Amino acid sequence: MDDNRPGSEEGAGTPASSPLVNPWDLLIAAIIVAICAVLWFDTFAYDTPNPMLGHYITAAMFPRTLMVAIIALTLLLPFENHFLERQGSGLNEDRAVPIKPITCLTALLLFLVVWSNPWLGTYLAMVAACIGLPLLWGERRLWLIAIYAAVFPALVGFLFVQGLLVSFLPGITGHIFR
């Protein structure tokens with residue numbers, strides 16, 4: 001019989017398994033759930049739904065569904081390292097490696113794009129992200145970035161404005177996308 005408990009003959013000298021709950025992951029999960037709770041209560045202030053959505057779909061339904069999915073996955077987070085170590089791999093080795101500066105720069109760029117969205121407008125914010133991210137990540141073929149920055153936001157804009165009847169924030173572009 002395979003007995004890997006410390007103190008047993010076969011398990012002697014094997015490292016103890018990780019705790020069931022990782023304290024750092026538990027803290028991160030608590031923060032994510034708290035943010036979702038705040039956002040959940042914010043959905044009570046949403047306007048009445050668009051009549052084309054029907055009587056059963058409210059404006060708060062999509063964000064609440066998304067938050068339920070986020071919370072469900074978040075509740076698994078504190079247990080992830082324990083279950084991975086039982087399968088022979090863990091997260092602790094990867095956590096020992098410091099976060100690369102490009103990660104923080106990417107987060108900063110995306111924060112600036114979202115922060116400037118009311119002023120720039122949704123369309124120009126998408127264009128800024130489509131130009132800034134590839135340049136930040138090292139893409140130097142400017143012709144390829146230009147095509148991407150022109151085509152992707154136009155397709156997304158067409159899908160949302162024409163297909164889903166969602167209004168973009170106009171920003172400095174005026175009311176082009178209403």
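Guide: The model is predicted, with local features needing pLDDT of at least 70 and side-chain atom pairs counting only at pLDDT 80 or more, while totals for chains, interfaces and linings use all residues. Residues are numbered from 1 along each chain as its sequence is written, and side-chain values use heavy atoms, leaving out hydrogens and water. Helices are DSSP runs of H or I with at least four residues, numbered from the N terminus.

H1 covers residues 23-42 and H2 covers residues 61-76. Their axes, which are lines fitted to C-alpha atoms over the stretch in contact, come within 10 Å and cross at roughly 165 degrees, on a scale of 0 to 180 degrees between N-to-C directions. The two helices are therefore roughly antiparallel, the term for angles over 145 degrees.

Contact means heavy atoms within 4.5 Å. Thr74 counts as buried because its relative accessibility is 6%; buried means under 20% relative accessible area, exposed over 50% and partly exposed in between, with a 1.4 Å probe and protein chains only.

Helix H5 is the next element to consider. H5 runs over residues 101-120, 20 residues in total, and reaches 27 Å from its first C-alpha to its last, close to the 28 Å expected; the expected span is 1.5 Å times one less than the number of residues. A kink of about 25 degrees lies at Val114, shortly before the proline Pro118, where the bend is the angle between axes fitted to the seven residues ending there and the seven starting there.

The buried residues of H5 are Thr106, Val113, Ser116, Asn117 and Leu120, and their cover includes helix H6 (122-136). Leu109, also in H5, counts as partly exposed because its relative accessibility is 22%. Leu109 touches Gly132, Leu133 and Leu136, again not counting residues up to four places away in sequence. Leu109 and Ala128 are 19 residues apart in sequence and 9.5 Å apart in space, C-alpha to C-alpha. H5 is followed by Gly121, whose phi is positive, near 95 degrees.

How values were computed:
Angles under 35 degrees count as roughly parallel, over 145 as roughly antiparallel, 65 to 115 as roughly perpendicular and the rest as oblique.
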